[in-house]
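Trainee: Let's go through this one together, please, starting wherever you like.

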Amino acid sequence: MIGRLNHVAIVVPDLQSASALYRDTLGASVTPPHDLPDHGVTTVFIELPNTKIELLHPFGKDSPIAGFLEKNPTGGMHHICYEVEDINEARDRLVNAGARILGSGEPRIGAHGKPVLFLHPKDFNGTLVELEQA
Ligand code: CO
């Protein structure tokens, strides 16, 4: 059911220095920061030949990643995102298998303008999993 690895998301305390690290030290292609007020995050994408790394920093005071940064002040890996062809079919299959969907349980439009779901990390070996309809 799952397809390509769409991205790995890393929460960072300082977007500018994290961008410089990937651009200058690791020699990667790095996009400018993009504020997503509806999602409470600012994103920077590291474009790799086979996938992307998404650097996330809290935007606004009700950011869903503020608590993560408090617990992990130097930053850390936040989630991995797999592509699926049909997000509703994926949701039904996972719910039937006993997996917990975060939030309302319904897909919502994610940071890339496509429908996404997040799966409970306790059901996936301690990893927050995002599914995105590619
Ligand atoms: Co993501």
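Predicted model: local features only at pLDDT ≥ 70, side-chain atom pairs only at ≥ 80, totals over all residues.

Trainee: Which residues of α3 are buried?
Mentor: In this helix, which spans residues 87-96, the buried ones are Ile87, Ala90, Arg91 and Leu94; buried means under 20% relative accessible area, exposed over 50%, and partly exposed in between (1.4 Å probe, protein chains only). They cover an arc (from the directions of the C-beta atoms seen from the helix axis) of only 100°, which puts them on the same side of α3.

Trainee: And what does the face of α3 turned away from its buried side carry?
Mentor: That face carries Glu89, Arg93 and Asn96, which are exposed.

Trainee: Changing topic, how many salt bridges does a search of the whole structure find?
Mentor: The search finds five, where a salt bridge is a side-chain nitrogen of Lys or Arg within 4 Å of a carboxyl oxygen of Asp or Glu. One of them pairs Arg4 with Glu83, with the closest N and O atoms 3.5 Å apart. Since Arg4 sits in the segment before β1 and Glu83 in strand β6, the pair ties together parts that are 79 residues apart in sequence.

Trainee: Is Arg4 buried or exposed?
Mentor: Arg4 counts as exposed at 54% relative accessibility, whereas Glu83, at 13%, counts as buried.

Trainee: What does Arg91 pair with?
Mentor: Arg91 meets Asp92 in a salt bridge, 2.8 Å from N to O. Arg91 is buried, having a relative accessible area of 13%, while Asp92 is partly exposed, at 39%. Another salt bridge, also listed at 2.8 Å from N to O, brings together the side chains of Arg100 and Asp123. Arg100 belongs to the loop between α3 and β7 (108-109) and Asp123 to the loop between β8 and β9, so this pair ties together parts that are 23 residues apart in sequence. Salt bridges that share partners also join Arg91, Asp92 and Glu106 into one network.

Trainee: What are the protein donors of the cobalt ion?
Mentor: They are NE2 of His7, NE2 of His79 and OE of Glu130, lying 2.1 Å from the ion; donors are N, O and S atoms within 2.8 Å of the metal (3.2 Å for Na, K and Ca), and sites may look incomplete as water is not among the atoms. The two histidines link distant parts of the chain, with His7 in strand β1 (residues 5-11) and His79 in strand β6, 72 residues apart. Both His7 and His79 are buried.

Trainee: Last one, how many residues of β4 are buried?
Mentor: Strand β4, residues 41-47, is mostly covered, with six of its seven residues buried. Seven bridges join β4 to the antiparallel strand β5, residues 52-58 (strands pair if DSSP finds at least two bridges between them), and Thr42 stands opposite His57 there. A hairpin connects β4 to β5 through four residues. Strand β3, residues 34-36, also runs antiparallel to β4, joined by three bridges, and His34 has Thr43 as its bridge partner in β4. In the hairpin of β3 and β4, Gly40 takes a positive phi near 70°.

How values were computed. Residues numbered from 1 in each chain as written. Heavy atoms only, no water.
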